[in-house]
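Subject: Structure handover

Hello,

I am passing on the structure we spoke about, with notes on what was found in it. Please open it first and keep it in view as you read.

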Amino acid sequence: MNKTAIVSAITLVIGVSVGAGWPLIKSTISGHPLTLVAEAEAGAVDADKPLFYRNPMNPAITSPVAAKDEMGMDYIPVYADKPKAERKPLFFRNPMNPAITSPVAAQDEMGMDYIPVFADSDADSSSDEPAGTVKIDPVMVQNIGVKTVRVEQRNLVKSVRATGRISVDESRMARIHPRSEGWVEKQFAARVGDRVRKGDELLQVYSPQLVTSQQEYLLALDNLKALQGSSYADIRDGAQELVDSSRQRLQFLDMPEHEILILQKTGKVSRAVSIESPFDGVVLNIGAREGQFIMPKTELYMLADLSKVWLIADVYEYELPWITVGDSAEMAITGMGDRAFIGKVSYIYPYAEARTRTVKVRIEFDNPDGLLKPDMFVNVTIGADARNQAIVVPSESIVRSGTREQVFVVRAPGKFEPRLVELGYSSDGWVEIRSGLKVGERVVNSALFLIDSESKLREATAKMMEALQEPESEDAAMSMGDLSMDELSMNDLSMGAAGDDGMSMSDLSMDSLSLDMSPAGARAND
């Protein structure tokens with residue numbers, strides 16, 4: 001067998017094999033996604049039917065028919081892109097200076113081609129949409145993780161948490177000073193922190209002025225006894241008035257009432273006079289000791305009644321609108337376990353602290369056991385009033401730009417409208433919407449940065465387009481070729497008839513005046 005016969009036999013075998021296997025190869029190639037896309041671009045596939053279906057979690061996995069993945073998620077249909085109609089540019093923009101435009105294609109001084117600017121077909125079809133409306137493909141919405149929530153009504157309950165310190169009730173404090181000069185003879189309350197009861201002796205003071213006033217009182221009593229039997233009423237009344245004034249002087253000098261009675265009964269002047277506690281309380285400060293010379297300006301004691309105490313809490317400015325006088329408060333102290341103290345807001349101070357930007361709030365607490373000590377550091381929770389049936393959205397849905405707050409409202413699947421809102425109070429991750437939204441609308445609460453950036457870009461582009469189109473519309477209005485006015489006629493107007501002295505208005509007829517603004521007419525007029 002020669003070489004020619006061998007080659008002919010091999011060629012025949014290959015031809016038969018290829019002919020038999022071509023239908024299988026053809027069917028395999030025609031079913032591949034890339035082949036389907038190529039056929040769709042060539043117009044061989046119906047654009048309304050899915051080309052194939054793609055795994056939502058792994059785009060590399062496809063199926064020619066609808067299917068589900070291992071998690072039960074439907075495959076995503078992939079359609080052929082419809083051929084786009086040829087678009088005509090609105091104008092051409094200078095690539096280095098966008099303010100410079102041209103109605104036809106041109107080049108700048110550097111030889112760079114002007115950039116064509118096309119009309120946005122979506123914007124033309126929905127001109128009623130506000131500037132900045134964003135349109136995103138549903139597949140892209142899923143890929144970037146856009147989530148939406150429903151605008152709803154709920155009761156906002158705010159619990160303001162703050163820190164503060166225990167303070168003495170200023171209405172239950174006393175600073176004791178002597179009413180005359182003297183010396184401390186004996187001291188009974190000699191330690192800070194001692195508890196005293198109303199009427200307890202704090203110390204005894206020797207005062208020459210008090211001794212003199214006692215002697216005057218005794219003389220007045222003796223004078224009253226001597227003149228009590230007088231037949232003249234004026235003399236008897238005068239003696240009584242002298243006794244009353246002397247007694248009143250002792251009271252003004254803070255001599256205790258029981259010591260005045262002892263002086264009246266015994267008739268003996270006391271060298272030392274007691275100074276007593278005006279109420280039940282605790283000694284917070286001692287300003288004099290035994291043997292010390294004292295004057296009216298000397299503070300002998302500072303006493304405080306700790307059966308009721310104040311809590312001065314520091315509340316931040318943004319939480320202050322939630323608090324009103326009369327709100328209940330619960331206080332907890334480290335080291336006392338779960339024991340809670342219940343108080344009530346009694347006063348909100350009318351100024352703020354410059355350093356901390358907080359406002360002081362005064363809360364009153366009962367302290368019968370004395371467990372609350374002045375200057376203790378505590379945590380307090382103030383139960384503020386609730387905002388009933390407020391329109392709210394999650395705080396993550398708010399885009400704050402510093403000068404305004406806005407949200408993105410879902411207008412349609414993949415279409416998001418920016419909308420300005422007026423905010424109210426916030427609590428536990430929810431923000432009250434006072435105006436701008438209605439119950440039932442849906443707003444975006446994730447991937448806001450991407451949508452907001454796209455919205456601002458679209459809004460800026462729309463404003464630029466409007467600014468560029470306004471001069472063109474004005475030029476178009478001024479470049480009208482013919483101006484016809486039914487009620488005016490220029491047929492009888494002749495500039496030559498005016499003569500040297502001026503125009504003759506007799507030849508001017510206003511009945512039917514026609515003005516030819518065409519170039520030919522302008523040359524004819526010239």
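How many helices and how many strands are there in the protein chain? There are nine helices and 28 strands. Please note that the model is predicted.

Overall figures

The protein chain has 526 residues, and buried residues make up 32% of them. Among contacts in the chain with a separation of 6 or more, 66% are accounted for by residues 24 or more positions apart.

Strand S1 covers residues 50-54, and four bridges pair S1 with S3 in the antiparallel sense. Within that pairing, Val78 in S3 is the residue opposite Phe52.

Another open sheet of three strands has the order S5-S4-S6, and its pairing is antiparallel as well. The edges are formed by strand S5 (101-102) and strand S6 (115-117), each of which pairs on one side only. Strand S4 (residues 91-93) runs antiparallel to S5 and is joined to S5 by two bridges. Opposite Arg93 is Thr101 in S5.

As background, strands of a sheet pair through backbone hydrogen bonds, in either a parallel or an antiparallel way.

Strands S11, S13 and S14

Which strands are joined to S13 by bridges? Strand S11 (residues 182-187) is joined to S13 by four bridges, and the two run antiparallel. Trp183 has Tyr206 in S13 as its bridge partner. S14 is also joined to S13, through five bridges and again with the strands running antiparallel. There, the bridge partner of Glu201 is Glu276 in S14.

Helix H5 and what it packs against

Helix H5 (residues 208-227) has 20 residues. From its first C-alpha to its last, H5 reaches 29 Å, close to the 28 Å expected at 1.5 Å a residue.

Which residues of H5 are buried? They are Leu210, Val211, Ser213, Gln214, Tyr217, Leu218, Ala220, Leu221 and Leu224. In an α-helix there are 3.6 residues a turn, so residues three or four places apart point the same way.

Helices H6 and H7

H6 and H7 also pack against each other, with axes 10 Å apart and at an angle of about 140°. Their crossing is right-handed. On the H6 side, the contact is made by Arg247, Leu250 and Gln251. On the H7 side, Glu257, Ile260, Leu261, Leu263 and Gln264 take part. Sorted by class, the contact of H6 with H7 has four nonpolar, two polar and two charged residues.

The loop between H6 and H7 holds Asp254. Asp254 is not a glycine, yet its phi is positive, at about 65°. Is Asp254 buried, partly exposed or exposed? Its relative accessible area is 38%, so Asp254 is partly exposed.

A second residue to look at is Asp375, in the loop between strand S21 (358-366) and S22. Asp375 has a positive phi near 75°, and it too is a residue other than glycine. With a relative accessible area of 59%, Asp375 is exposed.

Val378 lies in strand S22, which spans residues 377-394. Why does Val378 count as buried? Its relative accessibility is 1%, and buried means under 20%. Leaving aside residues up to four places away in sequence, Val378 touches Ala162, Thr163, Gly164, Ile166, Leu311, Met331, Ala332 and Ile333. One of these, Leu311, is 67 residues from Val378 along the chain, and the C-alpha atoms of the two are separated by 8.5 Å.

For strands in general, side chains alternate between the two faces of the sheet when the strand is regular.

That is the end of the notes.

Regards

Methods. Residues numbered from 1 in each chain as written. Predicted model: local features only at pLDDT ≥ 70, side-chain atom pairs only at ≥ 80, totals over all residues. Heavy atoms only, no water. Pairing = 2+ DSSP bridges. Buried < 20%, exposed > 50% of the residue type's maximum accessible area, 1.4 Å probe, protein only. Contact = heavy atoms within 4.5 Å. Expected span 1.5 Å × (residues − 1). Axes fitted to C-alpha atoms, helices over the stretch in contact; angles between N-to-C directions. Left-handed = near helix turned anticlockwise from the far one by under 90°. Nonpolar A, V, L, I, M, F, W, Y, C, P; charged D, E, K, R; others polar.
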